[in-house]
Amino acid sequence: MASTQIPGPCLPPYRARSAMALLDPQEHASELADWVERIPASSEPAERKAWDNVYTWLRLASGLRAVTFDMAYEDGGMCAAGDDFDYVWSNMMGEWQLHQVRLGYTRAALEALVRVLRPDLPTPGPAIEAAEQRLAQGGQEPPLHAPAVTRHFLDHAMGSSEPASLAAAVTQAIGVHELAAHGFTHIPQPAHDDDMQAFPAGHDEICTAKEATSILLLGTQALLAWAVEEQHIVAPNEDKFLYEGMWVPDAAGGSRWVDQEIAYGDYLAVLQLDHGDPPDL
């Protein structure tokens with residue numbers, strides 16, 4: 001029987017770091033939902049409802065754990081190789097669609113946020129572009145790993161690893177979702193070896209959907225940072241308690257260990273990072 005594990009998954013360097021690695025989309029969405037939930041509530045019911053909508057879509061993106069498929073084709077037991085193919089394909093589709101569905105939820109959260117903060121702009125791309133420019137003018141760096149994620153994602157999606165803005169990557173990530181939603185995306189199928197043994201394929205498609213989700217989450221994060229900078233929202237006036245501490249960037253370009261707690265206003269800049277293991281004493 002073929003393995004249920006997809007061999008050779010795409011693991012970009014920013015996800016493989018021992019300290020300050022980029023969180024997987026599920027955990028990243030959870031941290032953003034936690035931050036958004038703590039924004040001081042507006043006295044305007046319509047605005048509160050709009051923020052609740054952003055929060056709920058992020059909760060859906062973080063709460064999605066698995067997608068299951070049964071791609072079995074009943075042929076009366078005539079072809080054992082067909083059973084093997086169906087088994088591998090079912091697991092491939094579960095992995096791919098897990099990221100595709102989460103991509104849709106994340107897109108919904110970002111577009112809901114744009115409607116709250118930038119109702120004058122029709123799509124997230126221009127909103128993120130304006131946020132990037134304003135933050136750069138104020139001396140703020142983009143979220144850590146955003147340039148690397150942008151290059152890696154665009155290499156999958158467009159075959160280009162040239163430097164590009166987060167806003168351009170956000171627009172392309174939405175395009176990835178659009179192509180799938182309208183049936184233009186190629187559906188990956190298992191490959192075969194010379195003995196007709198089926199084995200998983202579709203690594204590019206899986207990574208593209210996963211990294212597209214991270215791009216939209218980083219865009220959401222940048223837009224929230226812009227809103228705080230412009231005083232459109234007030235950062236949560238409380239501390240994030242770090243039960244086991246975390247690594248954060250320091251002023252010298254390295255990292256430092258933060259224990260106990262961090263203000264939510266400061267946490268927005270690092271909430272995409274894996275907390276990592278504590279330093280050796």
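Predicted model: local features only at pLDDT ≥ 70, side-chain atom pairs only at ≥ 80, totals over all residues.

Student: How do you know that the length of helix H5 agrees with its number of residues?

Tutor: Helix H5 covers residues 124-137, which is 14 residues. The expected span is 1.5 Å times one less than the number of residues. For H5 this gives 20 Å, and the C-alpha atoms at its ends are 20 Å apart, so the two values agree.

Student: Which residues of H5 are buried?

Tutor: They are Pro124, Gly125, Ala127, Ile128, Ala131 and Leu135.

Student: What puts these residues on the same side of H5?

Tutor: Around the axis they cover an arc of only 160 degrees, and therefore they lie on the same side of H5. On the other side of the helix, Ala136 and Gln137 are exposed. After H5 comes Gly139, with a positive phi near 80 degrees.

Student: How do you know whether the span of helix H7 agrees or disagrees with expectation?

Tutor: H7 comprises residues 166-181, and its 16 residues should span 22 Å at 1.5 Å a residue. Its end C-alpha atoms are 23 Å apart, which is in agreement. The buried residues of H7 are Leu166, Ala167, Ala169, Val170, Ala173, Ile174, Val176 and His177. Just after this helix, Gly183 has a positive phi of about 80 degrees.

Student: Why is Gln26 called buried?

Tutor: A residue is called buried when its relative accessible area is under 20%. Gln26 has 16%, so Gln26 is buried. This residue lies in helix H2, residues 25-37. Its contacts, leaving out residues up to four places away in sequence, are Ala61, Ser62, Leu64, Arg65 and Arg102.

Student: What makes Thr213 a buried residue?

Tutor: The relative accessible area of Thr213 is 1%, and the limit for a buried residue is under 20%, so Thr213 is buried. Thr213 belongs to helix H8. Apart from neighbours within four places in sequence, Thr213 is in contact with Pro25, His99, Arg102, Leu103 and Thr106.

Student: Why is Lys210 counted as buried?

Tutor: Lys210 has a relative accessible area of 17%; the value is under 20%, and therefore Lys210 is buried. Lys210 is likewise found in helix H8. Not counting residues up to four places away in sequence, Lys210 touches Arg15, Asp24, Pro25 and His99. The C-alpha atoms of Lys210 and Arg102 are separated by 8.4 Å, although these residues are 108 apart along the chain.

Student: What makes up the lining of the largest pocket?

Tutor: The largest pocket has a volume of about 600 Å³. It is lined by 22 residues, with Gln140, Glu141, Pro142, Ala269 and Val270 nearest its centre. At least two lining residues come from each of helix H8 (203-229), strand S3 (239-249), strand S4 (255-263) and helix H9 (264-267). The largest share, five residues, comes from H8. By class, this lining has 14 nonpolar, four polar and four charged residues.

Student: Why is Gln260 called exposed?

Tutor: The cut-off for an exposed residue is over 50%. Gln260 has a relative accessibility of 55%, so Gln260 counts as exposed. Gln260 is placed in strand S4. Its phi is near 75 degrees, a positive value in a residue other than glycine.

Notes
Residues numbered from 1 in each chain as written. Heavy atoms only, no water. Helix = DSSP H or I, 4+ residues; strand = E, 2+ residues; numbered from the N terminus. Buried < 20%, exposed > 50% of the residue type's maximum accessible area, 1.4 Å probe, protein only. Arc of directions from axis to C-beta. Contact = heavy atoms within 4.5 Å. 1 Å grid on protein atoms, 1.4 Å probe; cavity = no way out; pocket = protein on both sides within 12 Å on 5 of 7 lines; lining within 4 Å. Points joined across faces, edges and corners; volume = space filled by probe spheres on them. Nonpolar A, V, L, I, M, F, W, Y, C, P; charged D, E, K, R; others polar.
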